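Here is a short briefing for a first look. Keep the sequence and the 3D view open while you read.

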Amino acid sequence: MSMPGAFLGGAKNRLLPASLPFRFFVAAAIFHILAWLVLFAGAADLSGFVGGSGAILAALHLLTLGVFALTAIGASYQLLPIATRQPLSRTWPARASFWVIMPGIPVLVFGMIDGGAMALTVGGVLVSLGLLVFAVLTADNLRRATSMPIVAAHGWGALLALLGVIVIGLALILDFDLGFLGDHQGMALLHMGLAVFGFMGLLVLGFSQVLIPMFVLSRALPPRYGWTHLGLTIAGLLAFGIGIALGDQRVITVAGVIGFLAGGVYVWLMRNALKSSMRKRLGDSFVLIKASWVFLLLGLLIGFGLVAGMDIPNGAALFGFVVLVGWMLSFLMGILQRIIPFLASMHVEGKSGRPPLLSDLTPAMPLKIHLICHFSAFALCSIGIVLDIDLAVQIGALVGFAGAVAFATFVAIVIRKLTSTAD
Amino acid sequence: MVDDLPGKHWTEPDGLHIDVRGLAPPEPMVAILGQLEQPDQTGPVTVHHDREPIYLYPELAQRGWHHQIIPTEPGEVRLSLTLTK
């Protein structure tokens, strides 16, 4: 192999077959649709939701596992080898992880709606197995990392949080039948905190160090601020866990303060990236991404208000909705609409022998419809939660469903272009 | 503005050279695209990199630049960039 060929080979090792990340993204787009549909079905229970089985718990897991985790896993398999400069050691376990998690999610969710212990257990075990395979593959890649220590450190933090999420999740499932947990609701809160702010949050914070400057074309971000929000996030999660374990509201309040500081440092860092951006127009994806940062701070403020004893109408449900839909879903949808055409472009050559243009791979109309529907759904459901209006939640969920269908249409169009160009 | 870009750059008879070796992502992409977006830049441009910048290619194509890997010494990936539109 010639020297350029050798380097090309190295690059191709880092670039996975398109079918690998794309299967996760397609599944995430489908679970996104299902999440809004199940929320519609359980709309009457949203405002007063503080935990427990039923449609809201099912919608929550369709979103967190079906959309967030699958997106994060698909993106990590492809993006982490680029950041660490190390290829995945094997690709078949990555494929296997998909085929274990993907069927496990609907089974688990069915168990949450139905209350059946068998479905909960089988679904929980399947999902946990898939997540563990992802954790092992990612740990192996991080262990060999030769660059980007800040991204690798966030990755390690995310994996530790993921182990906590899996152990507590399985314990919660067993507790439905056996009732051995002293504080089921507290453990459920810790499970959610570790999943959203630990596993997903640390992955988002870590990848943001590279992806946001890459998308906006800004200088690399100063690592010391990245280390600061990593340290604060871990400290906040530890304090939260200790607070739950001791049942001490003061420790939980301290965790809220630390968490807000972590969010503040992260958003400030991202704002600095935008300020030094060389791109004049960032497009609709960054409307979602910038809004997600505002919703992160808003969500953390609501959470802090709750632990500080403020009387926020249906505050628990509002906190969850703002964090999950406002922050995480907005951010991931914004990122996905950037990386899906990007990855597609790298995998095919057009008739001219060059990659197709990103603009040709990015259909504008479905994304515009998704953008409008996403924010409308967020506003309607939030109003419904605060004012206890089930109809507003129902209409919001339907609008969200329409937006999710539009987003899935975008994914389908890109894949059709990918396959037709490759032919 | 160009002087604020990361990496090194200089001009030779065959055009602009940009050396982004040793830079962490996304600085190489920022350095290269920042140079290409200068109003008077029509190429050719030679990039000295320490790995194949696969994420750069879609951005180059979007801006009408064609890339070609040219043989060079071990440890370097050298790209020749030409404007096609």
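The points below cover salt bridges and a nonpolar surface patch.

This is a predicted model, where local features need pLDDT of at least 70, side-chain atom pairs count only at pLDDT 80 or more, and totals for chains, interfaces and linings use all residues. Residues are numbered from 1 along each chain as its sequence is written, chains are lettered from A and ligands numbered from 1 in the order written, and side-chain values use heavy atoms, without hydrogens and water.

**Salt bridges**
- The count over all chains is eleven salt bridges (a side-chain nitrogen of Lys or Arg within 4 Å of a carboxyl oxygen of Asp or Glu).
- A:D140 pairs with A:R144 at 3.1 Å, N to O.
- A:D140 is buried at 17% relative accessibility, and A:R144 is partly exposed at 23% (buried is under 20% relative accessible area, exposed over 50%, partly exposed in between, with a 1.4 Å probe and protein chains only).
- B:R63 and B:E59 form a salt bridge at 2.8 Å, N to O.
- B:R63 is buried at 16%, and B:E59 is buried at 3%.
- One network of salt bridges with shared partners joins B:D19, B:R21, B:E76 and B:R78.
- Within it, B:E76 meets B:R21 at 3.3 Å, N to O.

**Nonpolar patch**
- A:V125, A:L129, A:L132, A:L160, A:L163 and A:L170 make a nonpolar surface patch of about 500 Å² (residues with over 30% relative accessible area and no salt bridge, nonpolar side chains Val, Leu, Ile, Met, Phe, Trp and Tyr joined within 5 Å).
- A:L160 is exposed at 62% relative accessibility.

Key:
Patches are made of residues with over 30% relative accessible area and no salt bridge: like charges are joined within 9 Å, nonpolar side chains (Val, Leu, Ile, Met, Phe, Trp, Tyr) within 5 Å. Accessible areas come from the Shrake-Rupley method with a 1.4 Å probe; for residues, only the protein chains shown count as cover.
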